[in-house]
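Please report on how the parts of this complex meet, within a chain and between chains.

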Amino acid sequence: MRAVIALPLVWLGIFFLLPFVLVLAIALGTNAPDSVPPVALGLSFANFKLLFTDDLYLAAWLISLRIAATSTLVALLLGYPMAYAIARAAPARRPLLLMLVVLPFWTSVLIRIYAWMGLLARNGLLDQFLRWTGLAENPGTIIGTEWAIHLGIVYAYLPFMVLPLYATLEKLDTGLLEAAADLGARPLAAFLTVTLPLSLPGIVAGCLLVFIPSVGEFVIPDLLGGTETLMIGKVLWDEFFTNGDWPLASAVAICLLVLLLGPLALFQRQQARSLERRR
Amino acid sequence: MSDPIVRLEGLTKRFGAVAAVDGVDLDVVGGELFALLGGSGCGKTTLLRLLAGFETPDAGRILIDGKDMTGVPPHLRPVNMMFQSYALFPHMNVAENVGYGLRREGVAKSEAAVRVADALTQVQLTDFAQRRPAQLSGGQRQRVALARALVKRPRLLLLDEPLAALDRKLREGTRFELVRLQEELGLTFIMVTHDQEEAMSMATRLAVMEAGRIVQTGSPREVYERPASRFIADFIGHANILKVPGGRWIALRPEKIALFAARPDTAHAFAGRIVDIAYEGSRSLCRVALDDGRTILASMSDDAFHRGQNVWLGWAADAGHPLEA
Amino acid sequence: MRGRVRFAIAALGFGYAFLYLPLALVMIYSFNESRLVTVWSGFSTKWWSALLANEAMLSAAWLSIRIAVVSASTAAILGLAAGYALARAPAFPGRALFGGMVIAPMVMPEVVMGISMLLLFVGVDRMFGGPARGFLTIAIAHTTFAIAFVAIVVQARLADFDRSLEEAAMDLGATPWATFRTITLPLIAPAIGAGWLLAFTLSLDDLILTQFVAGAQSQTLPMRVYSSVRLGVDPQINVLATIIVVVAAGALIVSGWLTQRR
């Protein structure tokens, strides 16, 4: 058993944990554009200070958190009824219904976001649709706005929300709801007092699975967002690739990591607890 | 007496703060069909698993055939087990399941094939050799599990609630089959059950367990006629547990009590009223409320009396068995 | 009761429409005569022929497939070990940390993983003079995050596994290794296969992590798509999208079939 643990442990230790040590080391260094790599090692907190005092970066943090949170909420509001419907469907149909939810996830995210680009473009199909139904005379473009980013994140991460919700709802004993009804609870009350609390682990897992990666999203804001919406993932990318400022980019990474450590630990504990329950 | 095939010395196994098996001493002799009888949580299944090697004891020793097997892992013990759920390998057919143990031993394919065929004949499943477990009925699966264990010719076969998953009719037939096989092959069986009727009818010797301890060992007749404590008297069959003058307790079996219309000429005679009759086919069990307030169960083999009737109960002076606890 | 289910079904329908409408449109427009995605001007397969003649795209696709096979296979082995350890190992100090390390790559923002792995490879390159960023580094990066997905699938399968089958095997004389080889492994193989397929698909589609750790020479398919897409809508991408959707559907169906048969 020790060998079994050691194998992935060593791999992850080298390729996952060790790199973070390097990132921290670089983050504490200073930018040295002329050397290769362009870092002068040292012990400077200037990068971190910059990230938390400069208005531009502060705004990026807040926007990222805000967009991630809102998108997670929307994904929950859409994903919960979907998961509920699948869990209540006839057992024979469930695999197919699930497969239909998961298929987009197996398709390249890039392709899917690209698909939205066409839809949301100026005079794109969404535009045409809104004009045709008379909902808006001159909608302008959706693409390039925060709306588009939200749309993109919900679209990309919806399967991540539906699957854990489904897993929890599927295990729900319908006998409990029957007992609640027998004791006089009306359908809405039964849902709020029995189903919802019991599906909480699924809700937490789903929200974390959407929120955590969304904070650092890059592709979606890059392709669907505009230049005004600066998310922290893009900051990292720009600092690294466009400005060549490795220490600053590393500092962003470290800050992101620290920010997400809490949710990450929560998610890991969730997983462990759900495994214990199955045992 | 020949050396016991199994000797347990001071065997203890704890789960957290609870001792599932608490200082058990036991000898099982070769050729016995030994039953471990008790309610749920008494430790009988844990004891069986200790014997098989799936649990390691916290204290004590396990000797099999005179050799200390206490720390030995299950695949090295000369013991085989028939699981309550049968544990048939779903990805193998019947023949492959039965031959699994022989393959692990390295037995030559030709010899293994012969032994598997023999084992299947013994349990009357020869025509099912190519079927998968999912295609078998409960009773057939059990026979496969039995054949799989027997084909290895173990010194000792452990059976975990062998009849629990079967329906009533099948249970009786299987009961007979197991006893027949055990006698014919001269094997030693140790079986665990919560059904005292099963234990009484199948075992040559049995042990009653409670709270991790063995509270009585003996032949079925001994345990029935001379239970060691109130718990055992009550657990096995029906018993009236009465206090006699002098402060002692006795166990009085219903079939030792006779019903009379008038006061019988015996020292122990009591008047009462029949409040309920449970018809069992070969006899009826009458619940009699005595005038002194006690309730007695008496056995009646005909329709002599009916509900609501006033009766007299009488029994011989030595009909009750004094209990030590 | 009825009303609630009807609402849920409506939500499900809306959800599916939301998920599939964009993809359906892209697939339809791959047959569009004109370049535009806004106007349908007639049926044509010219973009299909164009893509299949596009050398750059094809070589990128080939590179991506090779990387995906290597990383999925490596991740399958490591993920099997990790999933087995998580499901079966008794509590040991650092178990929570181990569990966290296995699962974190799955949720972590790719930019964070990207920069950290790049720095690792740069550091190693400076210290040992190699390896150059390319096939190997991309495969390593993909393997690292794929382990989490395989581990979760394996762990879930083992949690449902009937342990009495393993006990029966040992009782019949199988050593722990023989038990794993003849009983456990055959029965969890479908789950491992499903995990492999998932890892393969994710590797094929990965962009951000790849962008960080790839060298100047290596262009994977997503990288090509990205650089093309930044410039606007490209009908050849529509064709590619259609192919990817069909391949993904096929992989998903196989995976589902693997995990359904018990």
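In chain B, the C-alpha centres of domain 1 and domain 2 lie 40 Å apart. Domain 1 spans 4-230 and domain 2 spans 242-323; domain bounds come from an automatic or database domain assignment. This is a predicted model, in which local features need pLDDT of at least 70, side-chain atom pairs count only at pLDDT 80 or more, and totals for chains, interfaces and linings use all residues. Residues are numbered from 1 along each chain as its sequence is written, chains are lettered from A and ligands numbered from 1 in the order in which they are written, and side-chain values use heavy atoms, with hydrogens and water left out.

**Between the domains of chain B**

Eight residues of domain 1 of chain B are in contact with eight residues of domain 2 of chain B. Contact means heavy atoms within 4.5 Å. The two domains bury about 650 Å² between them, and carbon and sulfur atoms give 53% of that. Buried area is the accessible area (1.4 Å probe) that two parts lose on being put together, summed over both. On the domain 1 side, B:Tyr224, B:Pro227 and B:Arg230 lose the most area to domain 2 of chain B, together 71% of what that side buries.

The rule finds one salt bridge across this domain interface. B:Glu225 and B:Lys256 form a salt bridge through their side chains. A salt bridge is a side-chain nitrogen of Lys or Arg within 4 Å of a carboxyl oxygen of Asp or Glu. Helix H7 (residues 220-225) of chain B gives the largest share of the domain 1 side, three residues. Helices are DSSP runs (H or I, at least four residues) and so are strands (E, at least two), numbered from the N terminus.

**Between the chains**

Two pairs of chains are in contact, and chains A and C share the most contacts. Chain A and chain B do not touch; their nearest C-alpha atoms are 16 Å apart.

Chain A puts 88 residues in contact with 99 residues of chain C. The area buried there is about 8200 Å², 82% of it on carbon and sulfur atoms. A:Trp11, A:Trp106 and A:Tyr114 supply 11% of the area that chain A buries against chain C, more than any other three residues. The rule finds nine residue pairs in polar contact across this interface (both at pLDDT 80 or more). Helix H1 (residues 2-27) of chain A brings 18 residues, the largest share of the side of chain A that touches chain C. That side divides into 71 nonpolar, twelve polar and five charged residues.

About 1700 Å² is buried between chain B and chain C, with 64% from carbon and sulfur atoms. The rule finds one salt bridge across this interface.

| Pair | N to O |
|---|---|
| B:Glu225 and B:Lys256 | 3.2 Å |
| B:Arg49 and C:Glu167 | 2.7 Å |
| A:Asp222 and C:Arg230 | 3.2 Å |

**Confidence**

The predictor gives the complex an ipTM of 0.84 and a pTM of 0.83. Chain C averages a pLDDT of 87, and 96% of its residues score at least 70. pLDDT is the predictor's confidence in each residue, from 0 to 100.

Definitions and conventions: Polar contact = N/O pair within 3.5 Å; in protein donor to acceptor, adjacent residues only side chain to side chain. Nonpolar A, V, L, I, M, F, W, Y, C, P; charged D, E, K, R; others polar.
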